[in-house]
Amino acid sequence: MSIISKSDLFKRQITLSEIGELGQQKLQDAKVLVVGCGGLGSPIAVYLASSGIGKLHLIDFDTVAITNLHRQVFYSLDDVDHYKSECLSNFIQQRAPFTQVSFSTQALTKENASMLISDYDIIIDGTDSLPTKYLLNDVCVLEGKPLVYGSLYKFDGYVSSFNLLQEDGSYSANLRDAFPVMNTDVPNCEEAGILNAIVGMIATAQVNEVLKIITGIGKPLANKLLVYNALQNRQLKMKISSIIEKEQIASLFKIETYFDAACGTQNPDWQISPAALKVRLLDTERSLSLELIAVVPNLKVPFKVSQTIPIEEFDASTFTINPLKTYVMVCQKGVNSYLATKKLKAKYPTLDVLNLTGGIRSY
């Protein structure tokens, strides 16, 4: 292959008078962190690298699953069970010679967040975890970093540029100004489902925000939340006022755990392995004492479940128990089923409740 020059690779972009050589150099000098390499983060990373971002770091602890491929289009069947951040980094290296790309397979936590974001100019939220979204927001506020936010729910998408430095030296609104309290009952795409088109649309809208912020062209979504509905092709912009002070977020940061069951340690005493469950189901007499509960609608399982209770509707106080039964909670990855297990154990400490470790994916 012949030597590639920046002027050739980015010719169509440099031709834009608003970008030009100066704007392209700004992109080359930029350092961007993408947290989450799923439906949002993977196209964001590829588009940013293709636009000429000089330094790109990818964070994601998860591996590629078959169910990801319908919307996470930069992964292939060969990538299944491999780390998303590593696969995405390899893909980018093949097409973006002027981007220095690196990756991490560790989860973002309260303990490491400040260190991980410190070297980057712009932070991008490509996660589907509410605790992680609030963690990113709060750390960005405390560290004075802009956060390009994206979120999805079924056919709806949300985009904003939080915590941008304003001309008067103040910072624009952040996530807690829009949603002060973390609503943990909001289901992610595993429970609620998602249309793949809206994922790509919101991801490219986030890319657009990053490019505007770096090059200084256009108007970023500062103090505004863009809400787009794919079914009606309808969008609106909600104004957000800066209400929550930095000192308040600092106080919240001290007491908040930002715990996400997908990243945290599960109680080993509340687990049943796929192998152990298979043995019990094959034993006709022992299987009669089992009650299998799915906490995700339309979950494809290789066994019969007693009932389905979506995690967002799961209420231990209204759950009818039989103390002679062993309850096994199941979902796709073993995350939401563990949340249901915790709820039942909190209400009924002596009840025999187990979580299918790793979910149906591991069965």
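This note covers the aromatic pairs and ring contacts of a predicted model.

1. Aromatic pairs. The structure holds eight of them. One is Phe-253 with Tyr-258. Their ring centres are 5.8 Å apart and their planes meet at 45 degrees, so this pair is tilted.

2. Burial of that pair. Phe-253 has 15% relative accessibility and counts as buried. Tyr-258 is buried too, at 6%. The cut-off for buried is under 20% relative accessible area.

3. A second tilted pair. Trp-270 and Tyr-338 sit 6.1 Å apart, centre to centre. The angle between their planes is 35 degrees. Trp-270 belongs to the loop between α11 (246-255) and β9 (271-272), while Tyr-338 belongs to helix α14 (residues 336-347). The pair therefore ties together parts that are 68 residues apart in sequence.

4. Trp-270 counts as partly exposed, because its relative accessibility is 22%. Tyr-338 has a relative accessible area of 5%, so this residue is buried.

5. Lysines over rings. Phe-253, the buried residue of point 2, has Lys-110 over its face. The distance from Lys-110 to the ring centre is 5.2 Å. Tyr-363 has Lys-278 over its face, at 4.8 Å from the ring centre.

Technical notes:
Residues numbered from 1 in each chain as written. Predicted model: local features only at pLDDT ≥ 70, side-chain atom pairs only at ≥ 80, totals over all residues. Heavy atoms only, no water. Phe/Tyr/Trp six-rings, centres within 6.5 Å; stacked < 30°, edge-to-face > 60°. Buried < 20%, exposed > 50% of the residue type's maximum accessible area, 1.4 Å probe, protein only. Helix = DSSP H or I, 4+ residues; strand = E, 2+ residues; numbered from the N terminus. Lys NZ or Arg CZ within 6 Å of the ring centre and 35° of its normal.
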